Amino acid sequence: MTETEISKTEEKNPDKTDLSPVNSYNEWDPLEEIIVGRLEGAIIPPYHPTVTYNIPPTTARLYRFFAGRGYPQFLIDKAQQELDEFIHILEAEGVVVRRPEIIEGSRQYKTPNWKSKGFCTACPRDGFLVVGDEIIETPMPWRSRYFETDAYRSLFKEYFIKGAKWTSAPKPQLLDDLYEYKFKPPQKGEPIRYVINEFEPVFDAADFVRCGRDLFVTKSNVTNSLGITWLQRHLGEEYRIHEIESDCPTPMHIDSTFVPLAPGKLLINPEYIDPNKLPKMFKSWDVLIPPEPDPIKGTPSMCSKWIALNVLMLDEKRVVVEKNQESLIKAFKDWGFEPIPCSFINYVPFGGAFHCATLDIRRRGELQSYF
């Protein structure tokens with residue numbers, strides 16, 4: 001729909017122009033509209049330390065040889081079949097699904113200081129944070145994702161014209177000064193080190209999860225302290241951001257580590273999160289410890305085995321979960337949830353699972369405090 005068509009529609013329905021199409025304050029209110037990523041145009045991200053030190057060692061050894069090339073067609077075909085199944089499930093559950101435009105990751109671009117190819121639009125959760133009626137474009141530190149936001153431009157213009165807020169964090173320069181090129185991942189017992197420093201504010205939205213007035217974040221290899229500070233100042237006193245301590249040696253994205261499922265229910269990754277070190281505000285919550293993820297072999301991954309926890313809540317009960325994770329599905333049932341199994345393991349090589357592959361646009365709910 002063009003801007004002119006949208007304006008004409010609003011003129012015919014003036015009572016609807018004050019209602020923002022964007023509304024999402026947490027991870028569990030009833031889901032009404034969502035953006036789901038695409039696989040078309042995807043390439044393996046170009047070689048860079050920000051990528052190398054954030055992927056499992058077995059994948060990292062192969063990455064250097066295939067960086068910047070297209071994904072194998074057989075893998076794309078399998079992942080697309082699973083993506084289609086996921087979209088069908090969402091629509092069958094009454095959710096409106098929107099899609100970004102196709103952009104070619106193989107196209108090279110450059111700034112005055114560096115050049116890069118792109119990556120893909122498989123994971124909209126990384127580049128955008130929805131808080132209430134506002135879409136915030138995040139300053140991601142991967143050079144290969146610098147223009148990824150272009151794929152969502154037409155959607156966001158539509159949402160903006162209909163009443164949503166649309167903000168972009170300061171566009172980062174991504175100079176060599178931001179990166180620790182001599183970085184070595186810390187060994188067990190050593191303090192956490194990061195492949196990025198505090199040269200400028202950078203963060204991925206997937207390092208944040210939302211619980212109404214409270215947001216939780218992990219500092220990571222894509223999110224620095226300046227990025228967290230920028231977001232807190234931008235959101236103002238109405239919201240509070242809390243940093244969660246993680247024992248992951250190569251932290252990147254919180255949504256497979258610390259996962260609020262519903263009011264009073266928190267799922268944590270027991271390998272990276274010590275329940276005794278959680279903020280005191282969670283003492284009244286049920287802290288759910290999942291079983292060890294069921295092993296999946298044969299698919300190269302950019303993610304750890306704990307990507308199994310990267311689930312999507314459709315409301316406080318219904319949860320979309322990987323079909324092969326039978327132990328986790330049983331645990332969800334025992335915890336009182338209604339798991340919806342969906343095959344998605346072949347999507348993981350493109351950067352994530354159900355939560356990563358989506359961006360909540362509208363959930364039926366209001367701003368609340370849960371603590």
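Biologist: Is His253 buried or exposed?

Modeller: Start with the cut-offs: buried means under 20% relative accessible area, exposed over 50%, and partly exposed in between (1.4 Å probe, protein chains only). His253 has 10% relative accessibility, so it counts as buried. This is a predicted model, in which local features need pLDDT of at least 70 and side-chain atom pairs count only at pLDDT 80 or more, while totals for chains, interfaces and linings use all residues. Residues are numbered from 1 along each chain as its sequence is written, and side-chain values use heavy atoms, leaving out hydrogens and water.

Biologist: Where is His253 found?

Modeller: Elements first. Helices (H or I, at least four residues) and strands (E, at least two) are DSSP runs, numbered from the N terminus. His253 sits in the loop between β10 (240-243) and β11 (258-262). Its backbone is worth a look: His253 is not a glycine, yet has a positive phi of about 80 degrees.

Biologist: What is the phi of Leu174, and where does Leu174 lie?

Modeller: Leu174 has a positive phi of about 55 degrees, although it is not a glycine. Its loop runs between β7 (165-168) and β8 (208-211). With 0% relative accessibility, Leu174 counts as buried.

Biologist: How do I check the length of α4?

Modeller: Compare two spans. The expected span of a helix is 1.5 Å times one less than its number of residues. For the 20 residues of α4, that gives 28 Å. The end C-alpha atoms of α4 are 28 Å apart, which agrees.

Biologist: Which residues of α4 are buried?

Modeller: They are Leu75, Ile76, Ala79, Glu82, Leu83, Phe86, Ile87, Ile89 and Leu90. These residues cover an arc of only 155 degrees around the axis, so they lie on the same side of α4. The arc is that of the directions from the helix axis to the C-beta atoms. On the face turned away from the buried side, α4 carries the exposed residues Phe74, Gln81, His88 and Ala92.

Biologist: What do the buried residues of α4 pack against?

Modeller: Contact means heavy atoms within 4.5 Å. The buried residues of α4 pack against β1, β2 (96-98), β14 (312-313), β15 (318-322), β16 and β17 (358-363).

Biologist: Which residues touch the most other members of the largest nonpolar core?

Modeller: In soluble globular proteins, nonpolar side chains tend to be buried together. A nonpolar core is a set of buried Ala, Val, Leu, Ile, Met, Phe, Trp, Tyr and Cys residues joined through side-chain atoms within 4.5 Å. The largest one has 42 residues, and Phe86, Leu90, Leu312 and Phe350 touch the most other members. β1 (31-36), α4 (73-92) and β16 (338-342) each supply at least two residues of this core. α4 gives the largest share, 8 residues. A second, separate core has 18 residues, including Leu261, Leu309, Met313 and Phe332.

Biologist: How many disulfides does a search of the whole structure find?

Modeller: A disulfide is a covalent bond between the sulfur atoms of two cysteines. The test is a pair of cysteine sulfur atoms within 2.5 Å. A search of the whole structure finds 0 disulfides. Cys123 is in none; its nearest cysteine sulfur, that of Cys356, is 5.1 Å away. Cys123 counts as buried, at 2% relative accessibility.
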